[in-house]
Amino acid sequence: MLTSFIDGLLCCLTGKSVNVVVPIETSEPADGFEFVEVKPGRVLRVRHIIPERPAVVEQANGQGGTVHCKRKITVYRNGQMVIENMGDVLRAELLHCQNGDTEPNSTVEVDLLDPNTPVTSTSTPDPNVTTPPSGQQQEQQQEQQQPEQPRRRKRKPKRTVVIDCEQKISSCKGTHPDVALFFVHGVGGSLDIWARQLEFFSCLGYEVIAPDLAGHGASSAPQIAAAYSFYALAEDMRAIFKRYARRRNILIGHSYGVSFCTFLAHEYPEQVHKVVMINGGGPTALEPSLCSIFNLPTCVLHCLSPCLAWSFLKAGFARQGAREKQLLKEGNAFNVSSFVLRAMMSGQYWPEGDEVYHAELTVPMLLVHGMHDKFVPIEEDQRMAEILLLAFLKIIDEGSHMVMMECPDTVNTLLHEFFLWEPDTSNGSKTKKEPAKPTTEKSPPSNGEVQPVAEGKDKNKNKNK
């Protein structure tokens, strides 16, 4: 810590950054690593594993379920958003419908001006069915109707979006050559945080791709702050996706990496088959915070780097023992220069990624949340689950923000079951087969299902990791 303080002091006096903004050395340069130049002088390290499959590869049989995704999204001038679900909405996991039946047509109202306003979901009544009122009810209605209220003017919508499509959802096995898994980390991490997931799914036969974001891991680190804006990083992920994408692609993102997965799912709806969001936060537009420690000068952040690393250990893990410290070291988590860290946090500006943007997505999504996460409150993931059309929310009691490192077996099981899941539309029934309930490390999985209560988050809140 004394060395960091002295280096930071010299940085302030000389005006030169003490951070060496170059990619770190990799200990395994030829073991499944590739270096991809996404732009001239901008090189990303990518872990690409193509497992050795048997001579006879199982082909996708084309089966699966087709879900009619139809919803109307209306945004009014007062900031209220109304979502009307009119198709086969698979929300049994969230709303606890019996027997896995699809939810009936419903209306979801969201107040965009006040993120703390709860989201209400109400069933749409059938206009053809009327219930005759009793005599007492008629008298009460007459009394209520006596004072005539002024007629309300019909609201004019500011924006209306209608989605009407057929979404084919099929099981994705490791023996299918047309399936690829993309893993995207968040701020301060690297592809090494996915080590247990990459090993697990590659052994099952899946083709896995995990890039290092610019300035992270062994990727190049430009000395321009604009190189770390959301749009610059999103274009990097677009280049990686277009290079390695198969016919059916599954995106797995963690924290800030969830935003890039959402971006790709919105841009390539025909190629993105499923999405996994791990501690990704709520469906609000990204905007950098004006009152943040990361707005301090780079030299000051360098002096505080030991404190920041300790704070991340306390907030990112449910426990702070020797095992967690070793995981932090092995995963290169929070091992980035102060310049890159400051530029990443200030570059989180994405006004398009609001509630409407997320409500337009029709791809199935699995939301995984660590119960002890201090960066992303559970209410944010619950709100995300309410806004999305096809979403499953799973809670891991023993996990925190870095849940894929703390509880790798539980996370791997959840992900694998979601990859294999497909809706059951046999016999004309609009039912679905729910993913098998996982077994957590120390607690029964029944606590892992939470009915969403939509509470918003501050739109100025960053995705911290």
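**The helix pair**

Helices α5 and α6 are oblique to each other, because angles of 65 to 115 degrees would count as roughly perpendicular and those under 35 degrees as roughly parallel, whereas these two helices pack at about 60 degrees. The model is a predicted one. Select residues 230-244 for α5 and residues 256-267 for α6; their axes lie 10 Å apart. The crossing of α5 past α6 is right-handed.

Next, show the side chains of the contact. On α5, select F230, L233, A234, E235, M237, R238 and F241; on α6, select Y256, S259, F260, F263, L264 and E267. Sorted by class, this contact comprises 9 nonpolar, 1 polar and 3 charged residues.

**The aromatic rings**

The model contains 20 aromatic pairs. Select F230 and F263: this pair is edge-to-face, with 6.3 Å from centre to centre and 90 degrees between the planes. The two residues are 33 apart in the chain, F230 belonging to α5 and F263 to α6. F230 is buried, at a relative accessible area of 0%, and F263 is also buried, at 9%.

F241 is in α5 and Y268 in the loop between α6 and β11 (272-278), so parts 27 residues apart in sequence are tied together. Both F241 and Y268 are buried.

Finally, which residues form one aromatic cluster? Select F230, Y231, Y256, F260, F263, W350 and Y357 to display it.

Key:
Residues are numbered from 1 along each chain as its sequence is written. This is a predicted model: local features need pLDDT of at least 70, side-chain atom pairs count only at pLDDT 80 or more; totals for chains, interfaces and linings use all residues. Side-chain values use heavy atoms; hydrogens and water are left out. Axes are lines fitted to C-alpha atoms, for helices over the stretch in contact, and angles run from 0 to 180 degrees between N-to-C directions. Helices (H or I, at least four residues) and strands (E, at least two) are DSSP runs, numbered from the N terminus. Angles under 35 degrees count as roughly parallel, over 145 as roughly antiparallel, 65 to 115 as roughly perpendicular and the rest as oblique. A crossing is left-handed if the near helix is turned anticlockwise from the far one by less than a right angle, and right-handed if clockwise. Contact means heavy atoms within 4.5 Å. Ala, Val, Leu, Ile, Met, Phe, Trp, Tyr, Cys and Pro count as nonpolar, Asp, Glu, Lys and Arg as charged, and the others, Gly among them, as polar. Rings of Phe, Tyr and Trp (its six-membered ring) pair if their centres lie within 6.5 Å; planes under 30 degrees apart count as stacked, over 60 as edge-to-face and the rest as tilted. Buried means under 20% relative accessible area, exposed over 50%, partly exposed in between (1.4 Å probe, protein chains only).
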